[in-house]
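Hi,

Here is the structure I promised to pass on. Have a look at it first, and then read on for what turned up in the aromatic rings and the cavities.

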Amino acid sequence: MRIIIFGPQGAGKGTQAGKLVEETGAAHIATGDLVREEIKKGSELGEKIQEYNDKGELVPDEIIIEMTKPHLDKHDGWILDGFPRNQAQAKALDEALEEIDEKVDRVIALEASDEDLVKRLSGRRQSEATGKTYHIEHDPPPEDSDEDAGPFVQRDDDTEEAIRKRLETYHEETEPLKDYYEEQGILVTVDASQGIDEVTKEVMKAVGEDK
Ligand code: AMP
């Protein structure tokens, strides 16, 4: 299956994508991870996109599309996380899939209030060793270093100013895509303010993996 996990930062897209990967065997393509990997490499491209990432601004469409495209036909099934984020990217995705005679099967939109999201994001920590994310209150990093050695750091774009900026961009540019996918009859919305397990249950139902 080709699934888009959609929603604002902090709604739990990464967590639910991980569960979907376990359940379906699909690949997880997270454009934010692709961006951070490129920055970590210190490549010329990485240097160019770091400023956007750190400020919580979108990387220009042509760059992110070129970075994402090669991953789309590398796998039979995928969970796309963090892409598309605006109309131009949604169109580019449709065109890229048409070229390989494929289409998106389901778009799962996670929904939560801005207040909840700001709280979640400011407590988020990411392991430098594994890339896995934790939350200082709800899902603290393990103390046993065999499980995950860390260190557990705050992302450069998880400052309050960058979080606010990212949410604003989400509402303005990304959220309207829900209508686009609703019109295609492939959108399922899930209340992401519930506990992780409840959200997972609804996500699995949305992709027919709830038996
Ligand atoms: P994320 O981990 O999805 O919050 O992404 C982190 C950062 O990567 C974003 O704030 C953007 O700077 C960049 N990024 C990730 N995905 C996209 C996208 N689809 N379009 C533009 N920029 C993106």
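A quick definition before the findings: helices here are DSSP runs of H or I with at least four residues, numbered from the N terminus. Also keep in mind that this is a predicted model.

Helix α4 gives the most to its lining, with four residues. Both α4 (61–72) and α5 (87–99) supply at least two lining residues each. The space inside comes to about 30 Å³, and the lining has six nonpolar residues, one polar and one charged. Among those lining residues are Ile-65, Leu-72, Phe-83 and Ala-96.

The largest cavity holds about 80 Å³. Phe-83 turns up in its lining too, along with others including Ile-5, Lys-13, Arg-85 and Tyr-170. Here the elements giving two or more residues are β1 (2–6) and α7 (160–174). By class, this lining splits into five nonpolar, four polar and two charged residues.

Now the rings: there are three aromatic pairs. One of them joins Tyr-134 and Phe-152 edge-to-face, with centres 5.4 Å apart and planes at 90°. This pair links distant parts of the chain, as Tyr-134 sits in strand β6 and Phe-152 in strand β7, 18 residues apart. Tyr-134 is buried at 7% relative accessible area, whereas Phe-152 is partly exposed at 26%.

Tyr-180 and Tyr-181 have ring centres 5.1 Å apart and planes at 75°, so they count as edge-to-face. Tyr-180 is buried at 16%, and Tyr-181 is buried at 0%.

Cheers

Notes. Residues numbered from 1 in each chain as written. Predicted model: local features only at pLDDT ≥ 70, side-chain atom pairs only at ≥ 80, totals over all residues. Heavy atoms only, no water. Phe/Tyr/Trp six-rings, centres within 6.5 Å; stacked < 30°, edge-to-face > 60°. Buried < 20%, exposed > 50% of the residue type's maximum accessible area, 1.4 Å probe, protein only. 1 Å grid on protein atoms, 1.4 Å probe; cavity = no way out; pocket = protein on both sides within 12 Å on 5 of 7 lines; lining within 4 Å. Points joined across faces, edges and corners; volume = space filled by probe spheres on them. Nonpolar A, V, L, I, M, F, W, Y, C, P; charged D, E, K, R; others polar.
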